[in-house]
Amino acid sequence: MVGLKPSDVPPPLGVKMASAGAAACIADIVTFPLDTAKVRLQIQGEKKVAAAEAKAIRYRGVFGTISTMIRTEGPRSLYNGLVAGLQRQLCFASVRIGLYDNVRDFYTGGAENAGVLMRILAGCTTGAMAVSFAQPTDVVKVRFQAQMNLDGVARRYSGTMQAYRHIFRNEGLRGLWKGTLPNITRNALVNCTELVTYDLIKEAILRHRLMSDNLPCHFVSAFGAGFVTTVIASPVDVVKTRYMNSPPGQYRSAINCAWTMLTKEGPTAFYKGFVPSFLRLGSWNIVMFVSFEQIKRAMMVTKKRFDASN
């Protein structure tokens with residue numbers, strides 16, 4: 001995966017995990033405003049907000065949401081929850097992306113051409129594993145992105161560490177791992193769809209010699225992976241966001257959250273924020289995969305030079 005030629009020596013696991021975490025952080029910094037806009041669109045209409053200023057705000061489309069947030073809350077609001085987002089990627093991407101090749105090879109016994117089912121299984125496995133580590137960071141990130149920075153609107157949290165402490169004191173460990181089931185479902189879907197689709201598109205491009213193994217090939221593969229992933233994962237993503245952001249007692253479970261959305265808002269509620277989700281996943285995939293390959297190759301070159309000098 002990710003740009004290695006057959007003759008290349010596979011990078012060590014530590015290099016892959018560190019490269020994946022660093023590349024995901026770069027991608028998050030670039031695309032975070034789109035992710036914040038997606039969250040605001042997904043929770044819109046979920047509940048009444050007490051302040052009159054907040055009641056008057058309506059989000060329309062991804063760029064309209066970004067424009068409204070800048071006008072009403074300032075540019076910094078687009079990066080609400082960035083610290084938790086970076087913490088999440090360091091825990092999350094290093095596992096789900098960095099371990100993917102090794103888990104796939106484990107399932108196939110090291111076979112050179114892994115089947116689609118084995119790739120899907122590997123993607124689901126590393127995606128589910130990553131959630132078990134990173135869930136608290138995801139809960140805090142979503143809640144920060146959802147809260148408004150307006151006069152007269154009480155803020156739930158003032159800082160990242162305060163948010164972890166507040167959630168633990170008031171909701172316990174269950175609060176920090178709130179929404180784990182829909183998040184595991186979402187990230188298993190996202191991970192296997194994202195990585196497997198990227199693999200398959202890239203292999204098809206190289207097999208038919210449409211492009212060489214370079215940046216344009218990575219760009220097209222990542223863009224295609226982002227679109228397919230958004231279509232499949234959007235409904236689960238909306239439920240996950242709504243449930244993780246909800247106060248205690250609003251929903252009995254993630255399934256109850258989904259049922260409430262269906263009965264009160266209709267099926268289209270599951271695709272709220274689809275455009276920012278696609279823009280975010282598409283651009284995130286492009287930045288992440290290109291950065292991943294470059295960082296990994298740079299680390300391998302540095303490692304070889306270090307080994308040669310000793």
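Is Arg242 buried or exposed? At 0% relative accessibility, Arg242 counts as buried, a label used for under 20% relative accessible area, with exposed meaning over 50% and partly exposed in between (1.4 Å probe, protein chains only). The model is predicted, so local features need pLDDT of at least 70 and side-chain atom pairs count only at pLDDT 80 or more, while totals for chains, interfaces and linings use all residues. Residues are numbered from 1 along each chain as its sequence is written, and side-chain values use heavy atoms, with hydrogens and water left out.

Arg242 has a charged partner. Its side chain meets that of Glu265 in a salt bridge (2.9 Å, N to O), that is, a side-chain nitrogen of Lys or Arg within 4 Å of a carboxyl oxygen of Asp or Glu. Arg242 lies in helix H9 and Glu265 in helix H10 (residues 254-265), so the pair ties together parts that are 23 residues apart in sequence. Helices here are DSSP runs (H or I, at least four residues), numbered from the N terminus. Glu265, at 26% relative accessibility, is partly exposed.

The structure holds 14 salt bridges. Another of them joins Lys202 to Asp213, with the closest N and O atoms 3.6 Å apart. Lys202 sits in helix H8 and Asp213 in the loop between H8 and H9, so this pair links parts eleven residues apart in sequence. Lys202 is buried at 6% relative accessibility, whereas Asp213 is partly exposed at 22%.

Within helix H5 (residues 100-108), Asp101 and Arg104 lie three residues apart, about one turn of the helix, and their side chains form a salt bridge (3.6 Å, N to O). Asp101 is buried, with a relative accessible area of 7%, and Arg104 is buried too, at 12%. Both belong to a network of salt bridges that also links Asp105, Arg119, Asp199 and Glu203.

The loop between helix H8 (180-207) and helix H9 (215-245) also holds Met211, which is partly exposed at 31% relative accessible area. Met211 is part of a nonpolar surface patch with Leu210, Leu215, Phe219, Val220 and Phe223.

Terms used
Patch = residues over 30% accessible without salt bridge, like charges linked within 9 Å, V, L, I, M, F, W, Y side chains within 5 Å. Areas by Shrake-Rupley, 256 points an atom, 1.4 Å probe, with all protein chains shown as cover. Helix = DSSP H or I, 4+ residues; strand = E, 2+ residues; numbered from the N terminus.
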